[in-house]
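Please look over the sequence and the model shown here before reading on. The report after them is written for a reader who is new to both.

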Amino acid sequence: MATLILGLVPRPEDAFDQFWAWRRSLGNAIDYRRRAAGIDRAGWRGFGAAGSLELDQFEAEEFLRLGTNKQAQYRALGFEPERAWGPQWVTTVHALVHVGTLGDDTVRTFFQGAAPVVHLQGLREDKDFIESAEDILGYAAKVSIVTTLSGGETRPWSPDAIASYVAATMQSHGRQGFKVLIRPKGSRKKSTVESALSYLAPMPVII
């Protein structure tokens, strides 16, 4: 499972643009590695990733109410709370990744070339592949639109933030446009997760 934080932006439409630019860059980089001489082309041809964009949001004025890890992480991304105001949108990607013969270090370094913050970890042994995929959907699909503060406290997004999110989504490619899918080279059949999830009822989107 990979979690990549691409950055912080002041508007949700900026986050969508940031995601699409990253997705194009990622696809081009994979294509290059699958063709270039002197690179483990077989390893990159076996590489695969499936995930989607998650948008988190907080108000600059409540920065000090966020957890200490988030505060440190956002400062490391260049966020300056002393100069910011209003809503801040965090562009994050969650994905299942097939590392294959490349190894974790190679894939992590590759992702770090396009995302400042990268977390890569193996799937939990007590969960099967479908359950792991559901976890990622839970991260990326906003079942509850809230900001998590320190101590586990949550605050619902403001009506203005929700309105901005919905308007930006309607003006963009829509929810399906926020996914990233890179198939292993030569893979033509649906993956196990795609086949299994196609039989599940659609997940409701609560706004």
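## Basis of the description

This is a predicted model, in which local features need pLDDT of at least 70 and side-chain atom pairs count only at pLDDT 80 or more, while totals for chains, interfaces and linings use all residues. Residues are numbered from 1 along each chain as its sequence is written, and side-chain values use heavy atoms, with hydrogens and water left out.

## The chain as a whole

The protein chain has seven helices and seven strands, where helices (H or I, at least four residues) and strands (E, at least two) are DSSP runs numbered from the N terminus. Read from the N terminus on, the elements run β-α-α-β-α-β-α-β-α-β-β-α-β-α.

Of the 207 residues of the protein chain, 41% count as buried; buried means under 20% relative accessible area, exposed means over 50%, and partly exposed lies in between (1.4 Å probe, protein chains only). Contact is taken as heavy atoms within 4.5 Å, and among contacts between residues at least 6 apart in sequence, 78% join residues at least 24 apart.

## The sheet

Five strands form an open sheet in the order E4-E1-E3-E2-E7, with antiparallel pairing; two strands pair if DSSP finds at least two bridges between them. The edge strands, each of which pairs on one side only, are E4 (117-120) and E7 (179-182). From one strand to the next, the twist averages 20 degrees, with axes taken as lines fitted to C-alpha atoms (for helices over the stretch in contact) and angles running from 0 to 180 degrees between N-to-C directions.

Strands E2 and E3 pair in the antiparallel sense over 12 bridges, and within this pairing serine 52 has histidine 94 of E3 as its bridge partner. Seven bridges join E1 to E3, which also run antiparallel, and here valine 9 has tryptophan 89 of E3 as its bridge partner. E1 pairs with E4 as well, in the antiparallel sense over four bridges, and E1 is mostly covered, since seven of its eight residues are buried. Helix H1 lies across E1 (2-9), E2, E3 and E7, running at about 5 degrees to E7.

## The nonpolar cores

A nonpolar core is a set of buried Ala, Val, Leu, Ile, Met, Phe, Trp, Tyr and Cys residues joined through side-chain atoms within 4.5 Å. The largest such core has 37 residues, of which Leu4, Phe47, Val97 and Phe111 touch the most other members. The elements that give two or more residues to this core are E1, H1, E2, E3, H4 (104-112), E4, H6 and E7, and H1 gives the most, with eight residues. Apart from this core lies another, of 10 residues, among them Ile5, Phe58, Phe79 and Leu149. In soluble globular proteins, nonpolar side chains tend to be buried together.

Leucine 4 has valine 118 of E4 as its bridge partner. Not counting residues up to four places away in sequence, leucine 4 touches Trp22, Thr91, Thr92, Val93, Phe111, Ala115, Val117 and Val118.

At 1.5 Å a residue, the 13 residues of H6 (residues 159-171) should span 18 Å, and the end C-alpha atoms of H6 are 18 Å apart, which agrees; the expected span of a helix is 1.5 Å times one less than its number of residues.

Which residues of H6 are buried? They are Ala161, Tyr165, Ala168 and Thr169, and because they cover an arc of only 100 degrees around the axis, they lie on the same side of H6; the arc is that of the directions from the helix axis to the C-beta atoms. The buried residues of H6 pack against H1 (12-35), E2 (48-59) and E3 (87-98). On the other side of H6, Pro159, Asp160, Met170 and Gln171 are exposed.

Alanine 42 lies in helix H2 (residues 41-45) and is exposed, with a relative accessible area of 60%. The C-alpha atoms of alanine 42 and leucine 102, which are 60 residues apart along the chain, are separated by 9.1 Å.

Glycine 103, in the loop between E3 and H4, is partly exposed, with a relative accessible area of 24%. Alanine 21, whose place is in H1, is also partly exposed, at 35% relative accessible area, and the C-alpha atoms of alanine 21 and alanine 114, 93 residues apart along the chain, are separated by 10.0 Å.
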